[in-house]
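Thanks for coming. Please have the sequence and the structure open.

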Amino acid sequence: MVGPDGTSAAGPPVRPAILGAMSDTTFSTMRVRRGARSLSEVPYLPGLDGLRAVAVVAVMVYHANPGWLRGGFLGVEVFFVISGYLITLLLMAEHERSGRIALVDFWIRRARRLLPALFLLFFLLLTYSWIFEWDTLGKLRGDLLAGIFYGSNWYQIWVGQGYAAANDFVPLRHLWSLAVEEQFYLVWPVLMLFVLRNRGTRRLAPVAGAFVLTAVVVTVAVALLFEPGRIGECAVTPDAYWTIGDWCIEKANALYLSTVTRSGGLLLGAAFAMVWRPVAILRGPLRHATRMLDLVVVVGLAGLGLLVWRVGFMSPDGADPWLFRGGLFLTALATLALIAGVTHRYTISHRLLGNRVLVWVGTRSYGLYLFHWPIYQIIRDVAGNVLTVAEFVVAMVVTVAITEASMRSVASASAA
C-alpha cells in the first residue's frame, strides 16, 4: 500500500509505494525527525518482492488449471500476511516520525496508486464486452459496482458466485481478494491510531499477542462453522447452506470470501510487524543469526510447498476440510517464517528471493493479478474451463504486456 516519498538507504531517491497483497511497486525508506532512524523504518527489502512473485505465480498457475497446482490459490493468503506486515510497519514508522497517522493522506495515496490500474481494467473489459460479449453487459453491472466500491467479496457471497463455480463469463471474480484487503486497510489505520496513541511503538508485545489470539479465534470459528460433504442445491444439501429467509448462502463460499473469516493472515502479519522490525533486528543479537533464519526459511518454504501441493479448494465431494480446519492458518505461519528470513539483510534467503527476476515479477504483482483473470476468461469464455499450456503462454504474454504498459503509464502520470 502507498508509502510516502523518501530516500533508499542503498542509494538515490526512489519512487515509494507499499502495495499490499498484489503490489506493482516497491516501498521506500522513511526518515524520522532530526534525521534519526526509526526502529519501524521501512527499508526496501527485495526479498519481499521475491516472495510476492512466488505467490502471484502460484495463483496464476492455479487459475489457469487447478490440476497443475492444487493449492496455488493459497498464494492469496501469502499476500494477506505480507500486506498486514508491511502496512503495520508503515503506520508505526509514520507515528514514530511525526507522532500521528494522517488518515486522509493515507487513503488518498492508496486511491492514487490503486485506482488508475483498476479503472483501466474496467475500461478495457467494458470495451471488449461491448464488442464481443454484448449479452454479458447486464450481468457485469453488479460485479462492476462491487469492484468500484471494493465490496466484491460480499457481493459474491450474497449472489452465490462461488470461487470455484463453473459459471458463464465472470471476468471480475478475482477482485474479491482486493476487496478484503481494502476493507481491512480502511479500518486498520484507525485502529492503529488508537493503539499507538497511548503506548507508542516500543510496548506493543501485548497488542501483538492479542492480534495472534484473535487470529486463532478466527481459525477455530471457521473450523467449527465449516460443513464438510458434497455441496448441491440448497434444497438438496441444506446443511451446506445458511438461510436468511428464503435466501441460501453457501457456507464454504462465505467462509472463504468474507473479510472476517479471512482476517487471520492479515492479523498475524500485523502482529509480526510489532515484534519483527528489520531495522531493530539488525541492532540486536539477531543481527548475527543468519544461519538460523535461513533454516527457518527452508522450513517455511517446505511447509508452504507441502500445503500448496496437497491442500485443495473444491471437488465433487465438497470443499477440502484441511483448508478450513487450519490450512489457511498454517499457510500464514509458513509465510511469517519466510518474512523473518527475507527481511534480514544478511541472510542467504534475502539474496536468493531478492534476485532480479523475482523482484521484476514481484514489483508487478498487483498488475499481474489484476489483469490475468479477465484475460483467462476471454480465452476460455466460461469459468471452470482449464487452459491448455499454449493458451496459458499466450495469456501470460498478454498479461505481462498490459501490466507493463499500465505500470509505465501510471508512473508517467504520477511524475507529471
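How many of the 24 residues of helix 2 are buried? The answer is 22, and helix 2 is mostly covered. Buried here means under 20% relative accessible area, exposed means over 50%, and partly exposed is in between, with a 1.4 Å probe and protein chains only. Helices are DSSP runs of H or I with at least four residues, strands are runs of E with at least two, and both are numbered from the N terminus.

Before I go on, two notes on the source. This is a predicted model, where local features need pLDDT of at least 70 and side-chain atom pairs count only at pLDDT 80 or more, while totals for chains, interfaces and linings use all residues. Residues are numbered from 1 along each chain as its sequence is written, and side-chain values use heavy atoms, with hydrogens and water left out.

Back to helix 2, which covers residues 75-98. The expected span of a helix is 1.5 Å times one less than its number of residues. Just after helix 2 comes Gly 99, with a positive phi of about 80°.

Now the salt bridges. The term means a side-chain nitrogen of Lys or Arg within 4 Å of a carboxyl oxygen of Asp or Glu. The structure holds eight of them, and I will show some.

One involves helix 2. Glu 96 pairs with Arg 277, the closest N and O atoms being 3.4 Å apart. Arg 277 lies in the loop between helix 9 (263-275) and helix 10 (278-281) and Glu 96 in helix 2, so the pair ties together parts that are 181 residues apart in sequence. Both Arg 277 and Glu 96 are buried.

Another is Arg 70 with Asp 320, at 3.3 Å between the closest N and O atoms. This pair also links distant parts of the chain, 250 residues apart: Arg 70 sits in the loop between helix 1 and helix 2, and Asp 320 in the loop between strand 6 (318-319) and helix 12 (321-342). Arg 70 is partly exposed at 42% relative accessible area, whereas Asp 320 is buried at 9%.

Then there is Glu 404 with Arg 364, at 2.5 Å from N to O. Glu 404 is in helix 16 and Arg 364 is in the loop between helix 14 (356-362) and helix 15 (365-380), 40 residues apart. Glu 404 has a relative accessible area of 14% and is buried; Arg 364 is buried too, at 11%. With Arg 408, these two residues are linked in a network of salt bridges.

Staying in helix 16, we find Val 410. Val 410 is buried, at 12% relative accessible area. Leaving aside residues up to four places away in sequence, Val 410 touches Pro 116 and Ala 117, where contact means heavy atoms within 4.5 Å.

Last, the surface. Which helix gives the most to the nonpolar patch? Helix 16 (residues 389-415) does, with five residues. Among the patch members are Trp 68, Ile 379 and Val 389. Trp 68 is in the loop between helix 1 (46-64) and helix 2, and counts as partly exposed at 31% relative accessibility.

Terms used: Patch = residues over 30% accessible without salt bridge, like charges linked within 9 Å, V, L, I, M, F, W, Y side chains within 5 Å. Areas by Shrake-Rupley, 256 points an atom, 1.4 Å probe, with all protein chains shown as cover.
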